[in-house]
Amino acid sequence: MPSTLALRRLARPALLALLVVAWIAVVGIGMKALLDYQVRPGAAAQPPVTWPAASAVPRTAGKPALVLMAHPKCPCTRATLGELEGIVADTRGALDVSVLFVIPRGFDRAWAHADLWQHAAAIPGVRLIEDPEGREAQRFGAYTSGQALLYDGAGRLAFAGGITPGRGHEGDNAGRDAIVACVRPQDHTLARVAAHEAVQTPVYGCALASQNTTQGGRRCPK
Amino acid sequence: MSEVANGATAQPSHAARAAEILGEARLALHTQTDRMFAALMGLQWLAGIAAAVWLSPRTWIGATSQTHLHVWAAIFLGGAISAVPIALALLRPGSPFTRHVIAAGQMLTSALLIHLSGGRIETHFHVFGSLAFLAFYRDWKVLTTASAVIATDHILRGIYWPQSVYGVLTASPWRAFEHAGWVVFEDVVLFVAVRQGLRIMRETADQRAQLESSHHVVELQVEERTRDLRYSEERFRLLSASSPAGVFEMDAQGGCTYANRRWEEISGLSFEQSQGQGWIQAVHPEDRNAMYAAWSAAALDGQPFERTFRLRTSGGERWVSYHAAPRLDGQRARLGYVSSIEDITQQKQAEAELIRAREAALEAARLKSEFLANMSHEIRTPLNGVIGMTELVLETELTEEQREYLSIAQTSGDLLLAVINDILDFSKIEAGRMDLDVIDFSLRGCVDTTLKTMALRAEEKGLELIADIGPDVPDALTGDPTRLRQVLSNLVSNAVKFTEQGEVVVAVRAGEEHGGRVRVDFSVTDTGIGIATEKVETIFEAFRQADSSTTRKYGGTGLGLAISKRLTELMGGGISVERRPQGGSVFRFTVDMGVQQEPAVPERGPSVPLAGLDVLVVDDNATNRRIFGEVLVGWGMRVEQAESARAALALLERRPPTRPFALTIVDCNMPETDGFELVERVRERAPKSAGTIVMLTSGGQPGDAARCRQIGISAYLSKPISMGLLREVIERALAEAGRKLEAATPSGSHSRPSSLITRHSLAEARRSLHVLLAEDNAVNQVLASSLLRKHGHRVSIANHGLEALELLERDRFDLVLMDVHMPRMGGHEASRRIREREAASGGRLPIVALTAQAMKGDREKCFEAGMDAYVSKPLKSAELFAAIDDALRRSAPATPRATATEDEDGGEEMRKAA
């Protein structure tokens with residue numbers, strides 16, 4: 001029968017090993033949950049295939065227009081605006097870029113003019129539009145902050161989706177590549193102009209509205 | 001470091017200790033780094049929360065919001081990531097497990113922060129920074145763990161959520177390679193840094209181990225030195241505490257830094273009072289300045305210092321003897337002095353007592369000397385009158401009865417004088433007041449003079465008195481002839497006294513010569529009654545004779561031999577006696593004398609060559625024959641001997657007529673046929689064969705001179721005869737014979753000498769002197785002048801020194817007899833005046849001092865005053881004329897002259913009192 005001291009000697013490393021295993025498990029679970037959240041997209045948009053005529057968003061005829069819907073307080077949209085900055089730089093003014101900041105009911109303009117507004121305002125050539133209660137967002141069928149819609153010069157939808165690789169993460173992503181490719185087809189081998197062939201990518205951001213829509217939009221999970 | 005029971009330390013090996021030190025250092029480093037990471041991870045957790053709150057505080061759904069998942073992740077996931085490493089860092093710091101967990105946690109924190117920051121490229125630097133921080137452990141395995149966590153994270157993400165790693169569903173392998181490459185690059189750099197760091201740690205540990213080892217050795221040495229020092233200190237303290245001398249230590253400024261208890265006892269000052277310059281207060285004020293000045297002078301050169309001075313204490317003055325030795329450092333700089341102090345008060349007192357005792361003793365000795373001198377003077381002066389007058393009366397016409405009575409008186413006076421002299425001499429010797437003169441003299445002359453005084457007595461008893469002086473014995477010596485004669489005279493006198501028949505032989509031999517000095521060995525051999533064996537040891541003790549019957553029969557004070565013993569010892573020798581198997585005794589004594597480098601009295605050079613001449617010695621005494629034979633052979637003569645008249649006659653008859661003896665020496669006193677008869681027969685039977693004849697007799701008879709002339713004897717002399725006199729006689733006789741031969745008749749017959757050579761004729765050959773006698777005592781005037789006139793000298797008398805000087809100016813004198821003590825002007829002063837005059841005018845008048853004093857230094861004073869000789873009263877004829885001879889010789893060293901020293905009857909005992 002091993003002695004108490006021996007048992008203690010044996011128990012300690014076993015306990016330590018157990019502790020480490022538990023620790024790794026907890027951390028692993030936590031990291032998985034975090035990563036799940038990171039890659040979980042928001043509700044996809046159901047945009048009109050052509051520029052909505054009722055939209056008050058200004059548009060330059062004959063020039064591709066990029067509209068980005070943003071919640072003024074969505075943290076994930078910071079990365080989206082960072083990518084937008086890159087798109088604007090890559091397209092070199094070929095796009096007519098507008099950013100719609102959805103102001104939910106009960107909030108005023110001042111509430112919307114937060115850091116994201118300031119960030120977007122700093123992007124050269126970007127038009128900032130206040131969208132009280134998200135009317136314009138609804139016209140464009142956007143449900144998630146960070147939703148980007150690209151209409152070509154004829155007003156046909158070329159792209160709909162997010163322009164970040166994950167929630168709040170900047171970096172290479174399909175959305176940005178698609179937008180830049182649409183604007184400069186000479187850089188890519190294909191050019192999709194048909195709306196039903198519009199490129200779609202996941203959108204990572206907060207929900208623009210409080211209620212779900214039948215178009216399948218998702219709100220940011222709690 | 002392990003400790004052993006006896007206090008010594010056991011040193012592990014150097015490598016083991018270095019490893020131990022390295023282990024301790026690493027443990028300390030790991031522990032410190034663990035704690036650093038514990039703090040860092042805590043900060044990171046808080047920073048993560050702050051970043052989450054700042055970057056993504058809430059998530060929105062339209063108008064509603066809730067806390068962002070990132071915030072909860074930062075709080076809980078970040079807390080979970082940090083908690084375990086922090087706990088281990090606090091609970092198990094330094095453990096490898098802890099730091100590996102920390103490494104994993106740090107990397108997980110990086111992943112979380114990157115996620116919370118939205119993948120900002122700047123946040124990726126946390127990974128590289130974390131790796132750099134982990135390098136603090138200097139454990140490459142930790143870096144491996146961290147890198148593994150990163151790799152695992154990327155692999156898992158790449159597999160399951162590739163878009164979370166690169167932002168796309170698929171990523172080029174080059175992206176992975178690029179990611180890994182940066183991490184590997186940093187790992188490699190950090191690995192090198194860790195190795196270098198470890199190497200430095202090892203080196204440091206090794207140096208420290210070496211340092212510890214050296215330190216340990218130094219500690220042991222210090223311990224040992226401290227022990228030695230403590231022991232030395234303790235020993236010094238014990239020695240100092242138990243020392244009978246005061247021990248005192250000063251610094252370079254002369255301040256007291258240590259004093260033992262004995263110093264306190266001596267000085268009356270405690271150590272506290274003595275400290276610094278306080279000890280000076282103990283020094284007597286009169287001695288302070290001198291003492292301090294002497295110390296300062298010695299201290300300046302760092303020299304030892306000794307001095308005696310006084311201390312002033314409550315108990316009075318104390319004399320101390322102070323000895324100080326400088327203490328110097330390695331550069332010979334003075335650190336101070338270590339001193340010892342002895343209380344010599346008693347010694348000083350003893351010295352003072354000694355000085356007083358010495359002065360008292362000197363005073364007593366002076367008084368004793370004065371007494372001796374006074375007694376000597378007081379006794380000798382009247383005795384001089386008695387003896388001298390008796391001599392004078394005996395030279396007048398007296399009846400037989402008167403002559404008998406006066407002879408007895410004279411003898412009694414002589415005996416009394418001898419007794420007094422013995423007693424005074426003995427007293428002087430016992431008082432250590434006997435000093436020896438150092439003057440030039442002739443050894444042969446001294447011996448001859450002594451024997452002449454004994455000749456008459458020996459002749460009366462029919463004894464042969466023989467002097468046997470070895471030819472190699474130096475004659476010109478330096479010493480005290482008076483004391484030598486005294487010893488010799490005593491021994492010969494005893495020998496003659498105690499011998500009824502036979503002979504007394506005085507033999508002189510030269511001993512070892514060294515450094516201008518020579519040991520002279522004397523022996524006096526007699527055929528007398530001898531000395532009992534049991535008396536041999538005590539015979540030289542004072543007041544002892546062989547036995548009491550000897551005193552009754554022979555008389556004497558018993559001091560003679562004791563005095564002789566003391567005198568011989570004073571003269572650097574000793575005396576002994578031995579019995580002769582055939583009867584009689586032999587007294588031997590040795591003296592140490594100086595050898596004159598330039599003899600003042602040159603020996604008489606031959607005026608007639610003796611070498612090659614044939615000589616016949618006729619004497620029944622074998623010793624005489626031997627002695628004469630040796631001497632004559634030494635002069636180059638061819639010697640034949642005959643032991644009797646008959647043998648001589650036979651020898652002469654056999655002698656070829658063409659080879660006659662040039663000289664024949666005949667002993668007068670032979671059995672059967674005496675010398676006279678022999679000569680008569682020779683003249684009849686071999687008239688030419690004997691040549692010049694010299695007759696020696698032990699005692700002369702009236703008519704002998706006429707008979708000598710009649711039978712043709714050339715010289716007639718009494719024995720003993722000095723060899724010098726014998727040679728003079730032989731030369732004179734041969735010279736006389738040569739002159740006579742030239743004027744001889746054609747027949748060649750011998751011509752009888754017209755004159756007989758005797759001692760008297762020799763003496764008469766010398767000139768008469770005009771003597772100035774400076775003497776205040778009337779009796780002495782009469783005595784001295786009578787003696788002088790009897791010998792053919794003219795005498796003028798002065799009563800004092802001044803009168804003597806006046807007479808010297810008016811008349812010419814050959815000699816001055818100067819009494820030392822005279823009124824108006826004494827002999828010393830008068831002599832000095834005479835010499836001063838001679839220094840201006842030239843010449844030198846012989847001056848003989850007459851004195852009755854027996855004081856030490858009398859002789860020296862006389863010579864210092866310019867006197868040439870010295871004779872003490874009472875005056876004796878022989879002594880007086882010997883002194884006159886001496887004075888004449890000194891004043892004219894190239895021309896040896898002599899007055900008549902004795903009459904033909906032989907001399908009397910010569911005593912000279914010093």
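**Stop 1: a charged pair in chain B**

Start by selecting B:Glu212 and B:Arg208, whose side chains meet in a salt bridge, N to O at 3.3 Å. The term salt bridge here stands for a side-chain nitrogen of Lys or Arg within 4 Å of a carboxyl oxygen of Asp or Glu. Before going further, note that this is a predicted model, in which local features need pLDDT of at least 70 and side-chain atom pairs count only at pLDDT 80 or more, while totals for chains, interfaces and linings use all residues. Residues are numbered from 1 along each chain as its sequence is written, chains are lettered from A and ligands numbered from 1 in the order in which they are written, and side-chain values use heavy atoms, with hydrogens and water left out.

B:Glu212 and B:Arg208 are four residues apart in helix H7 (residues 173–242) of chain B, so about one helical turn separates them. Helices (H or I, at least four residues) and strands (E, at least two) are DSSP runs, numbered from the N terminus. Buried or exposed: what is B:Glu212? B:Glu212 counts as buried, at 16% relative accessibility, and B:Arg208 is partly exposed at 40%. The cut-offs are under 20% relative accessible area for buried and over 50% for exposed, with partly exposed in between (1.4 Å probe, protein chains only).

**Stop 2**

Next, pick B:Glu353 and B:Arg356. Their salt bridge has its closest N and O atoms 2.6 Å apart, and both residues lie in helix H11 (residues 345–394) of chain B, three residues apart, or about one turn. B:Glu353 is partly exposed at 46% relative accessibility, and B:Arg356 is partly exposed at 45%.

Then move to B:Arg727 and B:Glu731, a salt bridge with the closest N and O atoms 3.0 Å apart. The two sit four residues apart, about one turn, in helix H21 (residues 723–742) of chain B. B:Arg727 is buried at 18% relative accessibility, and B:Glu731 is buried at 7%.

Which residues do salt bridges with shared partners join into one network? Select B:Arg17, B:Glu20, B:Glu24, B:Arg208 and B:Glu212 to see that network. Over all chains, the count comes to 52 salt bridges.

**Stop 3: where the chains meet**

Color chain A and chain B separately and zoom in on the contact (heavy atoms within 4.5 Å). It takes 42 residues from chain A and 40 residues from chain B. Together the chains bury about 3,300 Å², 70% of it on carbon and sulfur atoms; buried area is the accessible area (1.4 Å probe) that two parts lose on being put together, summed over both.

How many salt bridges are there between chain A and chain B? The count is zero.

On the chain A side, highlight helix H1 (4–39) and helix H2 (76–91), the elements that give two or more residues to the side touching chain B. H1(A) gives the most, with 17 residues.

**Stop 4: rings**

Turn on the aromatic side chains. Rings of Phe, Tyr and Trp (its six-membered ring) pair if their centres lie within 6.5 Å; planes under 30 degrees apart count as stacked, over 60 as edge-to-face and the rest as tilted. A search of the whole structure finds 22 aromatic pairs over all chains.

Select A:Phe107 and B:Trp60: the ring centres are 6.2 Å apart and the planes at 80°, so this pair is edge-to-face. The pair crosses between chains, from the loop between strand S2 (96–103) and helix H3 (109–112) of chain A to strand S3 (residues 58–61) of chain B. A:Phe107 is partly exposed at 28% relative accessible area, whereas B:Trp60 is buried at 10%.

B:Phe133 is partly exposed at 35%, and B:Phe136 is partly exposed at 39%. Back in chain A, A:Trp51, A:Phe140 and A:Tyr151 form one aromatic cluster.

**Last stop: chain A as a whole**

Of the 222 residues of chain A, 50% count as buried.
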